[in-house]
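Please read the following briefing alongside the sequence and the coordinates.

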Amino acid sequence: MPGILHILLLIFPAVVLFGVLFPLYFRLKWRGETGQSVAVKALCTLVSVLFCLNGCLVGGFRGFWWLLAGLVLCLVGDIAIEKNLFAGMGAFAAAHLLFIAAFLVYAQPTLLSLPVFLVLYAAAAFAFRKRFREMKERLVPFLLYAALVLGMLSMALGLPPLPGTMLLAGGAALFALSDLTLARNLLNGERATRRSEVFSLACYYGGLYLIALSVWL
């Protein structure tokens, strides 16, 4: 029974996030209730923040606290990006740096991370190659941000294969996929579909949840 209870406690944040808050956010947003939708969006991220905080207090490992700090900045970014794109990108960039700091506490980086990063970055550049002209003054910030998020992912993939670090790698992969999808949606503007928006945010919150869950394993 204690084992089942423990599993239920680990799953409960995901149920609240994806079963209640996530659909509520889109319902409010698509109704045009901007203020309320932003508040619910922040609550979605807060679920993972509080989940991670609890794990940090229980575990006490220094790397966990770096992850928590990164999640807090994601919360800041969720709110800031609604007002200004580059302010939000700045908060998320700082969050990625904190995640990288956490990975460095977990283990020293391996040489394998570099070729993985180069392959990922080349693949992303190839996928967006026809959209570079549309980015105009946003091109350099987008390229730098992509380098940061894919660098974070390559380092996560290079961590020792343990249950917690594999969850971190999965969370980093979902985060990167969310960012790439978001970039495409921003370039598409009004042509971006609701399905694509839902997919991007689902990957984002799924990534945050896996990062928070990793401190429990």
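What follows is a short account of the core, the cysteines, the salt bridges and a surface patch.

The model is predicted, so local features require pLDDT of at least 70 and side-chain atom pairs count only at pLDDT 80 or more, whereas totals for chains, interfaces and linings use all residues. Residues are numbered from 1 along each chain as its sequence is written, and side-chain values use heavy atoms, with hydrogens and water left out.

**Nonpolar core**

- The largest nonpolar core has 61 residues, a core being a set of buried Ala, Val, Leu, Ile, Met, Phe, Trp, Tyr and Cys residues joined through side-chain atoms within 4.5 Å.
- Buried here means under 20% relative accessible area, exposed means over 50%, and partly exposed lies in between, with a 1.4 Å probe and protein chains only.
- The residues with the most contacts inside this core are Leu67, Leu71, Cys74, Phe99, Phe103, Tyr204 and Tyr205.
- Among the elements that give two or more residues to the core are helix 1, helix 3 (62-83), helix 4 (85-106) and helix 9 (194-214), where helices are DSSP runs of H or I with at least four residues, numbered from the N terminus.
- Leaving aside neighbours within four places in sequence, Leu71 is in contact (heavy atoms within 4.5 Å) with Thr45, Ser48, Val49, Cys52, Phe99, Leu208, Ile211 and Ala212.

**Leu174 and its surroundings**

- Leu174 lies in helix 8 and counts as partly exposed, at 27% relative accessibility.
- Not counting residues up to four places away in sequence, Leu174 touches Cys203, Tyr204, Gly206, Gly207 and Leu210.
- Between Leu174 and Leu153 the C-alpha to C-alpha distance is 9.3 Å, with the two residues 21 apart in sequence.

**Cysteines**

- The structure holds 0 disulfides, a disulfide being a pair of cysteine sulfur atoms within 2.5 Å.
- For Cys74, which is in no disulfide, the nearest cysteine sulfur is that of Cys52, 11 Å away; Cys74 itself is buried, at 0% relative accessibility.
- The sulfur of Cys203 has its closest cysteine sulfur in Cys74, at 14 Å, which is too far for a bond, and Cys203 is buried with a relative accessible area of 7%.

**Salt bridges**

- There are 3 salt bridges in the structure, each a side-chain nitrogen of Lys or Arg within 4 Å of a carboxyl oxygen of Asp or Glu.
- Glu197 pairs with Lys29, the closest N and O atoms being 2.1 Å apart; because Glu197 lies in helix 9 and Lys29 in helix 1, this pair ties together parts that are 168 residues apart in sequence.
- Glu82 and Lys41 meet in a salt bridge at 2.8 Å, N to O, and since Glu82 lies in helix 3 and Lys41 in helix 2, the pair ties together parts 41 residues apart in sequence.
- Within this pair, Glu82 counts as partly exposed at 35% relative accessibility, whereas Lys41 is buried at 8%.
- Glu134 forms a salt bridge with Arg131, with 2.9 Å between the closest N and O atoms; Glu134 is partly exposed at 36%, while Arg131 is buried at 16%.

**Surface patch**

- Ile7, Ile11 and Val15 form a nonpolar patch on the surface, with about 260 Å² of accessible area together.
- Val15 is placed in helix 1 (residues 2-30) and is partly exposed, with a relative accessible area of 47%.
- Patches are made of residues with over 30% relative accessible area and no salt bridge, like charges being joined within 9 Å and nonpolar side chains (Val, Leu, Ile, Met, Phe, Trp, Tyr) within 5 Å; accessible areas come from the Shrake-Rupley method with a 1.4 Å probe, and for residues only the protein chains shown count as cover.
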